[in-house]
Amino acid sequence: MTTVTAREPKTGEPAPVATETLAGLLVAGERPPRPSAWSASATFGWRAMLKIKHVPEQLFDVTVFPIMMVLMFTYLFGGALAGSTTEYVQFVLPGILVMNIVMITMYTGVAVNTDIDKGVFDRFRTLPIWRPAAMVGYLLGDMLRYALASAVMLTLGLIMGFRPGGGITGVLAGVALLIVFSFAFSWIWTMFGLMLRTEKSVMGVSMMVIFPLTFLSNVFVDPGTMPGWLQAFVNNSPVTHVASAVRGLMEGGWPGADIAWSLGWSAVLLAVFGPVTMRLYNRK
């Protein structure tokens, strides 16, 4: 049997390392330990980050789009709705922050559908890893996108005159709550990414759900001026609860009811769509 001995690069002398035969490795070698659930999920999350590194245009939706939304709604409607853009930005910026993050959650489903179309998921399912790791990895990677979008919008808001009464603590608490909700909300789009055939159909269905859900909320205006039947829907919308909670935290308050509703919606979405997504994933 042949063995290979390593040599020092400068002297050419044998290096003090152990050598083993290939046959010995096959017979006596031990398998590496199975990766933990967190390790496997973090690896897939890093994979999502590498995809952004190679295609940086993917960041347009978390950089250019938020800037356009804040500028457009503040300067087009601020004077008419609040009397001045400075007053309106105090109300609307947390709402647009929620709307923008909720809207970009749909790209999780698009990414899942694209990998399925390329056949990558067939390889993932043969790996000895925690089965939900691939899905959780997508969502972990997207959480960084949500944080980046939040940082862009808040920076722009400060330039425009946004002054959060809750300071840095209130802002971080609001962003953290929003990211938790977005993580749970993204499981809806992973389900659609597994169910539908093309990424265009995933985006089409996602927009049909997201647009009514975000615009029929208190993101832009107080629902008190809306018709009674519409108020009933808006006041019970998950986006309304999240927007009210984020707005309250950034203002320096503690909107306990809205925080509880936001976390409750997050738990329900995760409990419902998480198992459905994994069932579809295992049968895909």
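Mentor: Phe124, Arg125, Leu127, Ile129, Trp130, Arg131, Ala134 and Tyr281 line the largest cavity. A cavity here is a set of points on a 1 Å grid over the protein atoms alone where a 1.4 Å probe fits but cannot get out, and a lining residue has an atom within 4 Å of a point. This is a predicted model, in which local features need pLDDT of at least 70 and side-chain atom pairs count only at pLDDT 80 or more, while totals for chains, interfaces and linings use all residues. Residues are numbered from 1 along each chain as its sequence is written, and side-chain values use heavy atoms, with hydrogens and water left out.

The space in the largest cavity is about 40 Å³, where a volume is the space filled by probe spheres set on grid points joined across faces, edges and corners. Searching the whole structure turns up one cavity of 30 Å³ or more. Its lining has six nonpolar residues, two charged residues and no polar ones (nonpolar: Ala, Val, Leu, Ile, Met, Phe, Trp, Tyr, Cys and Pro; charged: Asp, Glu, Lys and Arg; polar: the others, Gly among them).

Phe124, one of the lining residues, leads away from the cavity to another part of the chain. Phe124 is buried, at 9% relative accessibility (buried is under 20% relative accessible area with a 1.4 Å probe and protein chains only, exposed is over 50%, and partly exposed is in between). Among the eight aromatic pairs in the structure is the one between Phe44 and Phe124, which is edge-to-face, with 4.8 Å from centre to centre and 80° between the planes. Rings of Phe, Tyr and Trp (its six-membered ring) count as a pair if their centres lie within 6.5 Å; planes under 30 degrees apart are stacked, over 60 edge-to-face, and the rest tilted. Phe44 belongs to helix 2 (residues 37–54) and Phe124 to helix 6 (residues 120–124), so this pair ties together parts that are 80 residues apart in sequence. Phe44 is buried as well, with a relative accessible area of 10%. Elsewhere, ring pairs join Phe73, Phe77, Phe211, Phe215 and Phe220 into a cluster.

Those helices belong to a chain with twelve helices and zero strands (both are DSSP runs numbered from the N terminus: helices are H or I with at least four residues, strands E with at least two). Of the 284 residues in the protein chain, 44% are buried. Thr105 sits in the loop between helix 4 (85–104) and helix 5 (106–118), and its relative accessible area is 0%. Its C-alpha atom is 9.6 Å from that of Ile210, which is 105 residues away along the chain. Leu194, in helix 8, is buried at 2% relative accessibility. The C-alpha atoms of Leu194 and Thr114 are 9.8 Å apart, although 80 residues separate the two along the chain.

Helix 8 (167–195) also takes part in an open space, the second largest pocket, where it and helix 7 (133–160) are the elements that give two or more residues to the lining. A pocket is an open set of grid points with protein on both sides within 12 Å along at least five of seven lines. The second largest pocket holds about 160 Å³ of space. Helix 7 gives the most to its lining, with six residues.

Val171 lies in helix 8 and is buried, with a relative accessible area of 10%. Val171 and Leu154 are 17 residues apart along the chain, and 8.9 Å separates their C-alpha atoms.

Gly252 follows helix 11 and has a positive phi, near 100°.
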